[in-house]
Amino acid sequence: MMAIFENSLQGIALLDTKGRILKLNPAFARTLGRTADDLVGKFLFSMIPVANDSSDIQGVLNGQKDTTAATKGFMREDGSEVWIDMVFNMLRDESGKPQCTMVTTQDVTKKVHLEAELKESEERFLKILNVLPQFVSYTDKDLVYRFVNRTYEEFFDTPAADILGRKLPDVIG
């Protein structure tokens with residue numbers, strides 16, 4: 001069983017009821033860019049910037065919930081940021097009393113950065129579409145509006161919110 005813990009590609013750590021790291025595997029330490037010796041005894045949340053709310057995890061740590069999942073940004077010792085998908089599971093003794101929390105982790109930094117880049121690209125594209133003097137709209141296969149630009153809104157004197165989700169014939173007759 002210890003071989004699975006030590007050799008897992010997923011980060012695994014055990015936390016006490018206050019969020020202090022009791023034990024961790026090498027993958028967990030590697031993800032955070034630290035050594036196991038640096039992390040044991042530290043509060044997991046001390047590495048999460050204040051902008052990341054951790055209240056959802058507190059319920060598992062104090063035994064009110066059995067499990068929760070979260071994506072959080074952490075600061076590595078070198079100052080770089082890493083985004084981690086985490087699943088927290090409360091481990092209880094035979095009587096049901098909370099003993100510790102097991103957290104499994106996966107580095108999703110690339111995914112988070114790609115999603116941010118995609119969002120920026122979409123915003124730039126929408127800005128371009130909204131300054132064009134031509135009508136631009138998109139309807140799906142059922143002729144339901146999914147996008148209209150500002151020129152379209154102005155011509156029909158109808159806000160996009162009142163057009164989107166409606167069928168083409170219902171808007172233009």
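Student: Which residue in β2 is the bridge partner of A13?

Tutor: The model is a predicted one, in which local features require pLDDT of at least 70 and side-chain atom pairs count only at pLDDT 80 or more, whereas totals for chains, interfaces and linings use all residues. Numbering starts from 1 along each chain as its sequence is written, and side-chain values rest on heavy atoms, with hydrogens and water left out. Within β2, A13 has as its bridge partner L24.

Student: Over how many bridges do β1 and β2 pair?

Tutor: Two strands pair if DSSP finds at least two bridges between them. Strand β1 comprises residues 11-15, and its pairing with β2 is antiparallel. The number of bridges over which the two strands pair is 3.

Student: Which strands form the edges of the open sheet of 5 strands?

Tutor: The order in this sheet is β2-β1-β5-β4-β3, and its pairing is antiparallel. An edge strand pairs on one side only, and this applies to residues 21-24 and to residues 67-75. The edge strands are therefore β2 and β3.

Student: By what average angle are neighbouring strands of this sheet turned against each other?

Tutor: Axes are lines fitted to C-alpha atoms, for helices over the stretch in contact, and angles between N-to-C directions run from 0 to 180 degrees. For the neighbouring strands of this sheet, direction is ignored, and the average is 30°.

Student: Is F74 buried or exposed?

Tutor: F74 belongs to strand β3. Buried means under 20% relative accessible area and exposed over 50%, with partly exposed in between (1.4 Å probe, protein chains only). Since its relative accessible area is 1%, F74 is buried.

Student: What distance separates the C-alpha atoms of F74 and D140?

Tutor: Along the chain, F74 and D140 are 66 residues apart.

Student: Why is the protein described as more spread out than a compact globule?

Tutor: The protein has 8 helices and 7 strands; helices (H or I, at least four residues) and strands (E, at least two) are DSSP runs, numbered from the N terminus. The radius of gyration, taken over C-alpha atoms, is compared with a globule rule of 2.2 Å times the number of residues to the power 0.38. For 173 residues the rule gives 16 Å, and the protein is more spread out because its radius of gyration lies well over that value, at 24 Å.

Student: What box do the C-alpha atoms of the protein fill?

Tutor: The box is taken along the principal axes. Its dimensions are roughly 70 × 40 × 30 Å.

Student: What percentage of the 173 residues counts as buried?

Tutor: The protein exposes about 10,800 Å², of which carbon and sulfur atoms supply 56%; accessible areas come from the Shrake-Rupley method with a 1.4 Å probe, and for residues only the protein chains shown count as cover. Among the 173 residues, the buried share is 35%.

Student: Why is the pair of F135 and F155 classed as it is?

Tutor: Rings of Phe, Tyr and Trp (its six-membered ring) pair if their centres lie within 6.5 Å; planes under 30 degrees apart count as stacked, over 60 as edge-to-face and the rest as tilted. The structure holds 6 aromatic pairs. In the pair of F135 and F155, the ring centres are 4.7 Å apart and the planes stand at 55°, so the pair is tilted.

Student: How far apart in sequence are the parts that this pair of F135 and F155 ties together?

Tutor: F135 is partly exposed at 43% relative accessible area, while F155 is exposed at 55%. Both residues belong to one aromatic cluster together with Y145, Y152 and F156. Because F135 lies in the loop between α5 (109-131) and β6 and F155 in helix α6, the separation of the parts is 20 residues.

Student: Which residues are in contact with T151, leaving aside its neighbours within four places in sequence?

Tutor: T151 sits in helix α6, residues 150-156, and is buried at 16% relative accessible area. Contact means heavy atoms within 4.5 Å. With those neighbours left aside, the contacts of T151 are L132, P133, Q134 and F135.
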